Amino acid sequence: MFLYTVLWLWFLLAAPSQATLEVFQVYHPVQYEGNSGSHCNLNVLLMEHVFASSYGLPYIGYYSPPKCEFDTVKINLTVTSQGRQFDRLALLFLGDTEIFRTSTAEPTADGIVWTYIKDISQYKALLQIPQKLIFDLGNIINDIYTGPFRVTLTAHFSHGGQVSTADLILPISTRKSASNSSSAFTVPGDSTKILYQIPPDTSRAVVSISACGQSTEEFWWSNVFSYDTETFNTTIGELYGYSPFREVQLYVDDILAGIIWPFPIIFTGGVAPGFWRPIVGIDAFDLRQPEIDISPFLSILKDGQPHSFEIKIVGLNVSPNGTATLSNSVGSYWVVTGNIFLYRGDSALGSASSRAEKPYVDAPTPQFKVMRSLVKNQTGGNDSLAYSVVGERALSIRSSEFLWSQNLTYSNFGLFNQQGMSQSTNQHTAGRSTIMALRTSQTSSDVLFEYPLSVNQTYRPTVAGLSIHAWMSRGLNIKAMGVTGISTYTLTSGPSRLRTQQWGEAFYQPTSNSSISFGDTTAVFESNSILGSYQRSVRAVNGSVVSDTNNRDGQLPNSNAQSDHDPFLK
């Protein structure tokens with residue numbers, strides 16, 4: 001009774017308006033200039049398209065660069081939808097190269113709209129030549145799911161003395177643009193190994209990886225050990241396995257070159273939909289691409305021969321005796337691509353020598369400690385399941401020119417109780433990546449990250465299905481120092497700092513032909529970078545914003561302010 005009283009109070013506080021709802025992601029705003037008549041200050045329409053029954057039918061267009069000199073390109077994605085629809089994943093390609101990964105909000109009967117602006121200047125090498133433009137947004141329209149997505153994509157070109165960008169970008173993808181298809185891999189299933197010859201004058205090489213779980217892997221952070229997947233078959237059905245740990249691996253010539261412990265992205269239908277209206281989850285409109293610097297491999301990559309690049313996704317195999325090892329595979333499925341950014345000639349991190357030299361790789365087997373406890377009730381049925389994974393990993397790859405190192409820690413504590421009808425997850429991932437040029441005054445670039453996550457869900461059976469009452473608290477913290485070029489991970493160049501958090505409570509109940517969702521979500525955002533300083537705190541209740549510190553510019557009084565009281569940044 002208390003729960004429903006709370007939900008009714010939510011409704012009275014902020015009843016949804018009968019009008020188009022503006023949905024938004026809290027992020028550092030990117031200015032999108034209009035035409036002003038100055039040199040190369042140009043807006044170009046790239047796409048107008050309605051994605052209805054669009055699985056396997058991406059939008060196909062053709063991009064031509066403007067006839068003026070530019071070094072800065074920003075895109076404006078505006079989407080409207082009305083009806084009933086799941087959240088959908090969308091990928092933007094120039095040819096075979098993915099340059100933007102986003103997802104959709106879930107529409108309402110009165111309709112929703114959102115706009116996201118992104119700087120894509122790091123893809124300047126691709127944007128300077130004509131390309132096939134492919135926007136892949138798979139959607140379904142039928143008697144139940146009635147909401148198409150109307151998408152407009154424009155680009156703004158300008159010249160503002162941007163930082164250096166890669167001279168050549170090579171995709172790690174299926175390379176299917178010639179057949180008018182998306183070039184994303186589906187893992188497991190597809191072989192991601194691809195061969196390239198690297199130009200002999202390459203001085204630096206960075207690989208960005210875009211990877212997110214779908215289907216049984218969408219909530220990988222809440223998965224259980226594989227032998228526990230049938231623990232609550234009689235109540236909530238089969239669970240998903242391979243543990244709540246995932247690792248993305250990059251191999252160069254079958255040698256481990258770097259790893260990514262992924263951010264637990266939550267799309268707008270995730271956990272409970274009421275959380276994400278109108279504030280969507282962290283990065284839901286712009287999925288970051290973590291980076292691995294493979295410059296220590298350059299001396300062997302520049303020999304004029306083809307070399308292989310491969311991306312793998314692994315979880316954990318946990319045996320009943322408590323031994324945990326990396327799995328060879330995971331569930332179905334992950335959407336994966338990668339890009340190799342090559343800088344030619346002089347680089348801010350130095351230039352590799354011409355002497356062939358195989359790098360020294362120190363990659364000890366990661367160490368994991370696991371715990372698992374199953375408690376039965378008085379009738380012999382499974383009542384509760386507790387499990388945990390704690391792990392750490394260190395990796396370093398050294399040549400005479402470069403040193404790439406990574407140090408990561410991970411913990412996940414999960415609990416099912418009430419015969420599986422309630423689940424809680426508490427996860428924390430943190431790490432540091434460093435690339436150092438050993439022969440040029442020990443120049444280095446460091447990126448630190450931290451991903452805290454806590455989610456609690458309780459299910460109740462109803463005539464139309466299971467209702468959900470959920471709590472969540474999550475965050476994304478990044479500190480970057482000395483970064484060269486525009487990072488696909490920090491989304492800016494140079495030193496930067498980001499701290500963003502979300503927390504709230506939500507309720508979802510299915511009905512015979514629709515559903516009811518309530519939610520109370522707070523998002524706090526603070527960043528400092530070459531873009532300036534920005535902060536925002538916003539709370540939404542039942543689909544309406546009830547407080548917001550943002551005045552639509554969000555700039556702090558001192559645009560170069562740094563916090564001396566944040567322990568993460570020290």
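This is a predicted model: local features need pLDDT of at least 70, side-chain atom pairs count only at pLDDT 80 or more; totals for chains, interfaces and linings use all residues.
Local features need pLDDT of at least 70 and side-chain atom pairs count only at pLDDT 80 or more, while totals for chains, interfaces and linings use all residues. Residues are numbered from 1 along each chain as its sequence is written, and side-chain values use heavy atoms, with hydrogens and water left out.

Rings of Phe, Tyr and Trp (its six-membered ring) pair if their centres lie within 6.5 Å; planes under 30 degrees apart count as stacked, over 60 as edge-to-face and the rest as tilted. The count by this rule is 23 aromatic pairs. One of them joins Trp 261 to Tyr 410, edge-to-face, with 6.2 Å between centres and 85° between planes. Trp 261 is in the loop between strands S15 (255–260) and S16 (291–293) and Tyr 410 is in strand S24 (residues 402–417), so the pair ties together parts 149 residues apart in sequence. Strands here are DSSP runs of E, at least two residues, numbered from the N terminus. Both Trp 261 and Tyr 410 are buried, that is, under 20% relative accessible area with a 1.4 Å probe, protein chains only.

Lys 312 lies over the face of Tyr 251 at 4.6 Å from the ring centre, and Arg 204 over that of Tyr 343 at 5.2 Å.

Strands S30 (residues 532–541) and S31 (residues 544–548) run antiparallel and are joined by four bridges; pairing needs at least two DSSP bridges. Ala 540 stands opposite Val 545 in S31. The two strands form a hairpin with two residues between them, and Asn 542 in the turn has a positive phi of about 50°.

Conventions. Buried means under 20% relative accessible area, exposed over 50%, partly exposed in between (1.4 Å probe, protein chains only). A charge sits over a ring if NZ of Lys or CZ of Arg is within 6 Å of the ring centre and within 35 degrees of the ring normal.
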